[in-house]
Structure formats: structure tokens, C-alpha cells
Amino acid sequence: MALTISCPICGKRNGYEFRYGGEDKGPKPAEKDLTPEKWVDYVHMNNCVAGVQKEWWFHRDGCGSWFTIHRDTVTNLEVEQEEDHEKA
Amino acid sequence: MFDKFKPMWGKRPQLKKSYDAVIIGGGLHGLATAYFLATRHGITDVAIIEKNYIGFGGAGRNTAIVRANQRTQENVPLYKEALDLWPVLTKELDYNLMFNNCGNLNLMHSEAAMKAARMTIASAQFQGVESHLIDSKEAKDLVPALNISRDITFPIHGAMFHPPGGVVRHDAVVWGLAEGAAKNGVQIHQQTAATAINVKKGKITGVETDRGKIKTNRVLVAAGGYSASIISEMLGIRLPISVLNIQAMVTQPLKPLLNHVVSSGAYHCYANQTLKGEIATGAHMDPWPNYTTLTTAYYIKHQAEALSQFLPCLKGVKMMRHWSGLADMTPDMAPIMDGNDQVEGLFIDCGWGYFGFKSCTSTGKYFAQFMADGEYPEILKPFTLRRFEQHKLMGETAALVNYSADN
């Protein structure tokens, strides 16, 4: 099924206009006392949720905005969601 | 004709209360590991837990291509052994796996690609894998249907020819291994989903399923695209994986015209002709994680454009079937094979991306050895999950790809 993404500026557009920016992992960890484990967790590790996740997108072939949406990875459909469902 | 259905791997067994080892995932990696556990290590009290039916995932969705021309010295020997095992298993299982070592032709479309191919070929030759660099005329001699003229988007400069590769009938491997494993005492539980993995004091104690609890001290997670989500959800261990959808399709059957596997990095296209005559062709993938296994018209168009350029005789041929499967991509395009580290008794075999089929035989062999004696086999050690925090990523990609958000 083709993916559509709602850009906050351009509205609902074809998914192929966008670049996926990764799972929402919160702010970058502070550099003070940063261990390789914490850094690799932020850079590479994913939850790989089969369900709804909060994620970043970039409107590459459009306005260039970076924004987050909630999407169900099992149906590939955007989900309206006000609050975050992730643990971290 | 309409007799009662009797699977080759026996009737549906009763789920026992305990097993010596439990394997989550009835795909090729799980089946091969169970087969080798039973035949090489005498561990026959093994349960394979499969949520759907065996071969439902990547095992039945790949384009059946096998080859051993990977890029790094850690990967090549593993794939070489996997390739060498097809004829051995065909005999041993007494099951025709239909291994056709027709050879792989990897097209190169620029001088830079030729340079990259030279390095891959040197690595292969160093590891004793046959692989040569050929020019476009020699490629045309091998595949007369090839368009080597200059007037296509990516003209063909040459190719990497890897004669020992080819295609294997993937369903036959599923059925052959399932039959072989079941004959040796392995229980295959289809329609049985793992719901939890139990851990006590850092050790595996059991697996919970929707058909009951199982006690065991060894669990292998080899659930293909779902491995990362299972491991993260049930054990809280996050993996450097993005699960993407990769699409493939076949054309209507044609007279024989392709007697090699032909692939092209620049066109993002690979094709081989099945014994039925269909051109089985695969595409790139949608670069965002999803578990849909749905298909898009986008890739039919993409395949048609690519194929009609370098194999122009396919212009106007119709696509007949189209499907998709999950590819669990790691940032360095190499798998994660680990065990007895994060949790004692937990074995992880995932992150194969789209290389899971061609590697299943040797991986099964080494995981069986690992699970039997608890010693991390030397050949698997470079694939540890810890390589990411040690910043020892493997160089399986010649150039960064934008499959995931990681690069």
C-alpha cells in the first residue's frame, strides 16, 4: 500500500517525496560522561515496533521540513495521536 | 487426489512441557539449525515454534538466488560454505533442492564500479571463490540478450562473473530440511506464536506460547524480520535493525533466454529465469520501516524501466505476480549472530537483510555447534552485537546506502 505522510506545511503528500528520519529517540545524550554503550544506543539501536511508533520524517522533495508523526508499521497508515506512547 | 493432507514433516505434535532447545521461527535458519542439531550433535529434543506456517516469511519470498561473492573477508567464507552445502544437503536429505549453479553476472556501469568490483573479486579469489572481471563483450557472449550499446541510461562497462552461484528452489529447501529435521526427532509446531521469553537471574528458563508454557535453557531467535521486534519487546534488548519491505515479481513465462542470474546495482534490479520460464525479478525497497508485506505499483514501473533498458527483449512482457517480504537491515549490511552474551542461553540470528536465504545452510551448521557446546564458533565471532559499540562495523557496502535512517 502506498504511503502518504502529512507534512505540517504542505499537507498530505505521497510518501516517496519524503525521507524517513528514524525512530524518535528523544534528545541527543549529553557529551559529559557519555559511554560507548549510551552513544551506540542513541545512534544505532531501534525498538523495531510492529505497531504504532513515533518517528521523524524529512520533506526532501518538498518544503524541507523535519517533523514527527505517528505511524502504524503494520498497516503503513498514519495514526492521529496527541501524546507519546513510547517508554523513553 | 483429495486424500487427507499429510505433511512430510509428520502430524501436528503435542506441545511438550520442556525441550532441550527451542527455536523461534520456522524459516530456513531455524530449520537448518534444528536439522544440524539433530544430525550432527545428537540434540533431538528440539521444538521449532512458528507463528504462521514454515517458510511463510523470507524463506518463501526471496528470489532464490545464491552466491558467495560478498565483500569482506569475514563474510565470504560463510557464504562459500553455504554454497558448498547445497549439493551435500541435496544428497543427504534425499530431496531435490534443484540447485542450478548457472552463475551470477553482476553488471558494472561505471569505471568506479569496475574498481569496486576488482576489490570484491580479489577478496573472493583470496578466499578460494571463483569470480572474474569481464568486459561488456564477454558479458554479451554469456547473455546474448544483454544491451551493451552506449544509448541507455547506465551503459554496461563490464561485469563481475561468479560461476559457482546460481539459484536454488527455496520451497524445496524448506520442505527438505523440515522432513530431515522431523525424521530425526525435531518437533515442528506451526500456528504457534511465542508470546514471552522467560529469564531468571540472567539465564533463559523458558518460552511462553499461545499453546502453553515450555521450559528450556536454550532459545534461538531466528524469526527473520520479526526477530528484532521480538527481542526488543520480550527481552528489552534493542538491536541496530530497520525492518524494510523488499518487493519481487515474475513476468509471464517466456522461452529460455537467460541462463545466468543477472544483476545491476545502478539499475537496482536483479533477474533470473525460472525453470517455468518466468523472469523472476527483484527491486529495491521502500526506505521506511514497515511490516506490511504489501506491494506497490511504483516498483512494477521501476522493474519495467530497468529491465527494458539492459534486456530490451523484455519490452512489453507482462508482470504476472508480485509479492513482498521483510528485510531486517543493519547499518553495515552484515548479520548479527550472537549468543550466551546478553542472557545465558539466548542465541540471536538476525539482521540478514536480503542475504538470509543464501546463508541459511552454513549458518544453521554453526549455530547448531554453538548451541550444542556453548562455544562461540570462530567464524561467527566477527558478527557479535558488540561490534557496534566497539565501532567495528563491517565493510559490506562499497558505498553508503539510504536503506535506513542510519546512513
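I start with the interface: 24 residues of chain B are in contact with 22 residues of chain A, where contact means C-beta atoms, placed from the backbone, within 7 Å. H7(B) gives the most, with 3 residues. By class, that side of chain B has 15 nonpolar, 6 polar and 3 charged residues. Here Ala, Val, Leu, Ile, Met, Phe, Trp, Tyr, Cys and Pro are nonpolar, Asp, Glu, Lys and Arg are charged, and the others, Gly among them, are polar.

A note on the source. This is a predicted model, in which local features need pLDDT of at least 70 and side-chain atom pairs count only at pLDDT 80 or more, while totals for chains, interfaces and linings use all residues. Residues are numbered from 1 along each chain as its sequence is written, with chains lettered from A and ligands numbered from 1 in the order in which they are written.

Now chain B as a whole. Chain B has 9 helices and 19 strands; these are DSSP runs, H or I of at least four residues for helices and E of at least two for strands, numbered from the N terminus. Of its 407 residues, 52% count as buried, that is, with 20 or more other C-beta atoms within 10 Å of their own, those C-beta atoms being placed from the backbone. Among contacts between residues at least 6 apart in sequence, 76% join residues at least 24 apart.

Next, the domains. The assignment, automatic or from a database, gives domain 1 (21–62 + 170–241 + 332–387) and domain 2 (104–163 + 243–329) in chain B. Their centres, over C-alpha atoms, are separated by 30 Å. In chain B, 14 residues of domain 1 are in contact with 9 residues of domain 2. On the domain 1 side, helix H2 (58–61) and H7 of chain B each supply at least two residues. That side of domain 1 has 5 nonpolar, 8 polar and 1 charged residues.

H9(B) is mostly covered, with 16 of its 18 residues buried. Just after H9(B), B:Gly374 takes a positive phi of about 75 degrees.

Notes. A residue is buried if 20 or more other C-beta atoms lie within 10 Å of its own, exposed if 12 or fewer, and partly exposed in between; C-beta atoms are placed from the backbone. Two residues are in contact if their C-beta atoms, placed from the backbone, lie within 7 Å.
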